Every structure is written in C-alpha cells, then in structure tokens.
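Welcome, and please take a look at the structure below. The briefing that follows walks through it topic by topic.

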Amino acid sequence: MAVATSPAAVARVPGARVVGWAWTILRRYPVIPVAVLLIVLVIPALFAELITPHDPIDGNLRARLLPPAWTDGGDWSYPLGSDRQGRDILSRMIFGARTAALVSLAALAVGGIIGSVLGLVAGYFGSWWDHVIMRLVDINLSLPLILLALVLVVLFEPGTATTVAVVALLLWSRYARQVRAEVLTLKEMDFVARARVAGASNLRIIFRHILPNVFNTIIVLATLQVGNVILLEASLSFLGAGIPPPNPAWGVMVAEGRDFIVTSWWLSVIPGLAIMFTVLSMNLLGDWLRDYLDPKLRQL
Amino acid sequence: MQRYIIIRLFQAVLALIGVSIIVFTLVRITGSPLDVLAPADATEEDLRRVAALWGFDKPLWEQYILFVGNALQLDFGPSIKFQGQSAMGLIGDAIPNSLQLAGFAMFVSVLMAVPIGVVSAVKKGTPIDMIGKIIALLGQSLPPFWLGIVLIWIFSVNLGWLPVSGKGGFTHIILPGVALGWFSVAAFMRLTRSAMLNVLDSEYVKFARIKGTAEWKVIWKHALKNAAIPPLTLFGIIAGIMVTGVVTLETVFAWPGIGQLALTSVNARDYSVVQGLVILISAMFITINLIVDILYAYIDPRVRYGGGRG
C-alpha cells in the first residue's frame with residue numbers, strides 16, 4: 001500500500017485522527033461487548049455482597065411494588081424498583097448475575113470436559129468405542145431435552161447442582177461430535193505417527209499431542225455457547241425446572257413478574273434486559289473469538 | 001447411496017430404541033405411579049389390585065416389551081391425571097396446536113430472514129448490512145419467553161391491539177409466533193446471506209446483468225431462487241430449537257399445545273403422557289434428521305462416502 005496517504009487523510013484535523021483511531025479499535029476488538037459483560041455480569045457476580053443496596057431475599061414489606069426510581073412514585077433507595085415482597089430488584093439482579101455466571105461456567109465445564117473426553121476417545125480409538133459414543137450422541141440429540149429436564153427436576157431436588165447437571169447433559173454432545181471429527185484428521189498426521197514410533201503411550205499421544213490441537217475448538221465452542229447456556233438456564237428457571245425461588249435468578253424474576261405485567265411492568269422487563277444484554281454481548285464476543293483464533297471454525 | 005441410506009436407517013432405529021429405554025427407566029425412577037393412582041388410605045391389598053390392573057406387578061423387562069409393543073401402535077395407555085382419557089388422545093389433541101404455532105413461527109422467521117439476508121448480501125459491508133445483522137443477533141439473544149411477555153405488555157396491555165393469550169382466531173397466534181420466530185431469524189439470515197454472496201458471484205448472475213436485466217430482478221428472481229437450496233439443511237436444527245421455545249411460550253400464552261401438556265403432566269406425574277410425548281417428539285426429530293441427511297447425501301455425494309456429517 002504505497003499510496004496509503006490520500007489527500008483526504010492529510011487534510012484531516014488531529015481530532016479526527018483520534019476518532020478514526022478509536023473507530024478502528026472498536027471495529028477490530030470487541031470493546032463494547034466486553035464492557036457490557038463486565039458491567040452486567042462479571043462485576044456484579046464477583047462483588048455481589050459489596051455493591052448490593054439491600055438483601056436479595058429478605059424484603060421490606062412497606063416498600064412493596066415500588067416502580068423504578070426515574071418514574072412517578074419511584075424511590076432512589078430502590079433504583080430499579082421492588083417486587084411484591086418488597087425486595088430490591090437491583091439487588092436481586094446483582095445476585096442473579098452470580099447465579100447465571102456460576103451455573104453457566106459450571107455447566108460448560110462439566111459438559112465440555114465430558115464431551116471432549118468422549119470425542120477424543122471416539123475419534124482416537126475408533127471401532128466400537130466410536131460406534132457406542134456416536135450412538136449416544138444421536139440419542140442425546142434426538143431427545144426433547146427440555147421435557148427431559150422437566151422430568152429430571154421432579155426426580156431430583158431442584159437447585160443449582162441439578163440445574164448444572166441438566167444443562168451439562170444438554171451440552172456434551174456438541175463437543176463430542178466436533179472433537180471427534182477433528183481427532184479423526186489429526187490422528188492420521190505425521191506427528192502422531194512419529195510420537196507412536198518414539199514409544200509414546202496412547203494416553204500420552206491423546207493428552208500431549210492431540211488435545212492441544214483441539215483446544216482452540218473447545219474454547220471457541222464454549223464461548224459461542226455461553227449465551228445459549230444462559231438462555232437455557234433462564235428458560236429452565238422460568239418453567240420452574242431450574243433455580244428454585246426465592247433464590248435470585250433472572251429467569252425466576254421474569255417468571256415472578258409475569259402476572260404483574262399489567263400493573264408493574266418492571267418486575268419482568270428489567271431482568272429480561274439483563275439476560276438480553278449478556279447473551280448479545282456473549283454472542284458478539286464468541287463470534288470475534290472464533291474469527292480471531294481460527295476462521296476455519298465458521299460453521300460452528 | 002443405498003448403503004448409506006441403510007446405515008442411516010439402522011442408526012435411526014438404534015437411536016429410537018435408546019430413547020425408549022431411557023424414557024422407560026427415567027419415568028420409573030421418578031417414583032411409583034401407585035402413589036398417585038391409589039388414594040392415601042389404600043390398603044396393601046388395594047395397592048396390589050391397582051398394580052395388577054395397570055401391569056406394574058410384572059417384571060421390568062416384561063413391562064418394557066409391553067410398552068414398546070403398545071408404543072408401536074401409538075398406544076401409551078390411559079392418562080393418569082385425566083381419568084377416562086387416553087394419553088395418546090391428549091397428545092393428539094395438543095400436537096396440531098403446537099405444529100400450528102411452530103409452523104407460523106417458521107413462516108415469520110423466513111419472512112424476516114430472507115429479505116434481511118438478501119439485502120445484507122447485496123449491500124455487504126454497508127450500514128444496512130450492519131443493521132440487518134443486529135436485528136438477527138438481537139433475536140438470537142432475546143429469551144423467547146421474555147419477548148412474549150414484553151409483546152403482551154406492549155401490544156395487548158398498552159395498545160390493546162391483540163389478545164393476551166389463549167387460542168382463537170388469527171390474532172391469537174401473532175404474538176407467540178413472532179416471539180418464537182424471531183429467535184431463529186439469525187440462523188436463516190446468515191445462511192441466506194452467505195448463499196446469496198456465493199450466487200451473486202456466479203457466471204449466470206453476471207450474464208443476467210450483462211443482458212441488461214433490471215437489478216432488482218437479478219437479485220430477487222435469478223439469484224434468490226438458487227440461494228434457496230442450502231437452508232434446507234437447517235431444518236433439523238431449527239426443529240430442535242423450536243421445541244424448547246414452544247414449551248416456554250405455550251406457558252406464557254396459555255397455548256393448548258404439547259408444552260402446556262408436558263408441564264401439567266410432569267407436575268401431576270402423569271407418566272403415560274410424559275412417556276408418549278418424549279417418544280413421539282424424539283421420533284419426529286429422528287425422522288426429520290434422517291430425511292435431511294438423506295437429501296443432503298443426495299445433493300452432495302461427498303457425504304455418502306465420508307460416513308455422515310461428522
């Protein structure tokens with residue numbers, strides 16, 4: 001690019017350069033999604049106790065159904081209003097962020113690890129390992145898992161652990177499929193054959209030579225799924241099959257506010273916005289990370 | 001091709017057997033149905049009689065075989081909650097309602113996605129492309145159940161244009177359909193966009209332009225027709241997404257479909273209905289995926305020799 005300095009660029013005032021530079025950064029890096037995530041999810045989840053103005057579970061019955069502070073009748077000590085038990089919406093949302101972060105990270109970790117290990121085994125050992133694991137994947141993908149989740153919650157006591165288990169059950173097959181497909185090509189490569197000649201055991205080849213090569217895929221898949229996992233947890237909680245009330249979870253809050261939509265819109269609308277911003281930013285971040293780490297993964 | 005179809009068919013049957021075993025076991029460990037069937041003051045003798053009547057006294061494997069035999073004839077036994085009605089009858093009443101909702105949602109989705117995808121592809125890299133992407137991404141990020149509540153709030157409560165819930169005329173399906181359909185816009189749109197980009201680059205589109213065909217006709221007639229094939233493969237994935245959305249949205253809009261039925265039967269431990277629902281929906285998924293895979297192999301011969309799509 002020898003003719004990069006066009007007359008227009010020379011004529012620019014210094015202020016425009018800063019704007020142009022900021023625009024480049026904004027376009028090249030996911031600054032806005034990361035900022036939104038920090039504000040809506042990460043900081044609340046980490047410092048919930050320090051920044052909540054009220055207790056998320058014990059309400060003040062004299063401060064029932066207060067509207068958000070900026071509307072008529074609002075009170076600045078309840079910035080986003082309060083629910084019918086006089087609980088502060090903001091405080092419940094902050095602790096809800098912790099629930100969402102905790103459940104999605106745990107479920108992704110459990111589902112991702114189980115799925116990846118099964119994918120590695122199926123791809124590397126082939127033969128009947130492959131058949132059995134792939135048929136399990138088929139079954140998993142053909143079950144209406146939301147219905148199964150409803151059944152499972154009747155079976156086990158509802159709570160964080162059950163929710164994590166249910167969500168992980170929904171997730172693992174994607175990893176197994178993707179990892180297996182990549183292992184199938186990787187294991188035919190020279191470096192694997194050489195490792196075997198050098199006397200490496202199967203376990204060593206899998207974890208030392210193959211796993212590092214599929215790691216990017218696993219990370220990208222996980223980032224792309226966080227948004228969906230948060231939606232899933234919210235859906236389950238909304239149906240009463242996830243985090244049980246009175247615990248603060250965004251899905252529970254939307255469900256609790258549903259019957260009050262005519263009189264007190266903020267109960268449902270505000271927690272839903274938190275879900276939306278989190279999922280939207282997470283999806284944008286995932287897209288960026290995929291292109292950054294490995295543009296080949298577009299079809300994920 | 002024949003070999004591929006036979007292998008896929010065999011795999012589909014295996015998956016269905018796996019599903020039936022899982023459902024059968026799960027439902028039986030959720031607690032004895034006798035507790036629901038018999039009154040609280042039932043004696044041992046009563047319990048035994050009820051068990052014999054429903055076949056719970058037979059060994060498990062015998063119960064399983066009986067269950068599969070009946071399931072093949074679409075008989076899932078009488079409903080436990082709604083005495084006097086068969087599980088299949090309840091499910092059969094609910095399925096058309098859900099299909100209607102899902103079908104309308106799919107229609108809304110395509111109606112939104114195709115124009116956005118085409119315009120994004122034609123105006124690639126412009127602000128219009130960006131706005132299209134944002135609309136699609138937004139849909140993917142909005143929890144459908146929440147979107148449903150917000151739509152009720154705006155269009156039913158504040159504006160009073162559309163009914164709040166229930167099933168009735170055409171106006172009843174608009175809100176749940178939009179709430180459900182918007183979610184899959186992103187997937188359809190992305191596919192339309194990339195397919196259009198490919199087609200717009202091809203020789204015959206260039207030729208149509210050279211010939212002097214009007215630009216709108218090139219895009220909406222010549223190009224779009226050929227870009228419409230790839231979205232077919234998406235059908236299986238969308239069907240899966242739809243079921244989750246259907247279940248939550250039916251509770252929001254009191255839509256009398258499988259989602260509502262599932263929720264009430266799980267809570268009432270009406271396990272004949274739950275079993276029937278899970279098995280029928282799984283069978284539907286398996287069939288859809290089987291058809292998609294076979295069509296795909298038909299279109300793209302590489303699939304037949306590669307042993308499936310990964």
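A:Ser127 is found in helix α5 of chain A, and this residue has a positive phi of about 40° although it is not a glycine. Helices (H or I, at least four residues) and strands (E, at least two) are DSSP runs, numbered from the N terminus. This is a predicted model in which local features need pLDDT of at least 70 and side-chain atom pairs count only at pLDDT 80 or more, while totals for chains, interfaces and linings use all residues. Residues are numbered from 1 along each chain as its sequence is written, chains are lettered from A and ligands numbered from 1 in the order in which they are written, and side-chain values use heavy atoms, leaving out hydrogens and water.

**Chain B as a whole**
- Chain B has 15 helices and zero strands.
- Of its 310 residues, 47% count as buried; buried means under 20% relative accessible area, exposed over 50%, and partly exposed in between (1.4 Å probe, protein chains only).
- Among contacts (heavy atoms within 4.5 Å) in chain B between residues at least 6 apart in sequence, 73% join residues at least 24 apart.
- The accessible surface of chain B is about 15500 Å², and 67% of that belongs to carbon and sulfur atoms. Such areas come from the Shrake-Rupley method with a 1.4 Å probe; for residues, only the protein chains shown count as cover.

**Salt bridges**
- Side chains of opposite charge can pair when their charged atoms come close.
- Over all chains, the structure holds four salt bridges, each being a side-chain nitrogen of Lys or Arg within 4 Å of a carboxyl oxygen of Asp or Glu.
- One of them joins A:Arg87 to A:Glu256, with the closest N and O atoms 3.5 Å apart. A:Arg87 lies in the loop between α3 (31-51) and α4 (89-125) of chain A and A:Glu256 in helix α10 (residues 250-257) of chain A, so this pair ties together parts that are 169 residues apart in sequence.
- A:Arg87 counts as buried at 1% relative accessibility, whereas A:Glu256 counts as partly exposed at 23%.
- A:Arg180 and A:Asp130 also meet in a salt bridge, at 2.7 Å from N to O. Because A:Arg180 lies in helix α7 (residues 160-186) and A:Asp130 in helix α5 (residues 127-142) of chain A, the pair ties together parts 50 residues apart in sequence.
- A:Arg180 is buried at 13% relative accessibility, and A:Asp130 is buried at 14%.
- Within helix α5 of chain A, A:Arg135 and A:Asp138 lie three residues apart, about one turn of the helix, and their side chains meet in a salt bridge (3.0 Å, N to O).
- Salt bridges that share partners join A:Arg87, A:Arg92 and A:Glu256 into one network.

**A bent helix and what follows**
- Helix α9 (residues 202-239) of chain A has 38 residues, yet its end C-alpha atoms are only 45 Å apart, short of the 56 Å that a straight helix would reach at 1.5 Å a residue. That expected span is 1.5 Å times one less than the number of residues.
- α9(A) bends by about 55° at A:Leu211, and the proline A:Pro212 follows within four residues. The bend at a residue is the angle between axes fitted to the seven residues ending there and the seven starting there.
- Just after α9(A), A:Gly240 takes a positive phi of about 80°.
- The peptide bond from A:Pro245 to A:Pro246 is cis, with omega near 10°, and A:Pro246 lies in the loop between α9 and α10 of chain A.

**Positive phi away from glycine**
- A:Ser127 is partly exposed, with a relative accessible area of 48%.
- B:Ala254 has a positive phi of about 50° although it is not a glycine. B:Ala254 lies in the loop between α12 (235-253) and α13 (258-267) of chain B and is partly exposed at 33% relative accessible area.
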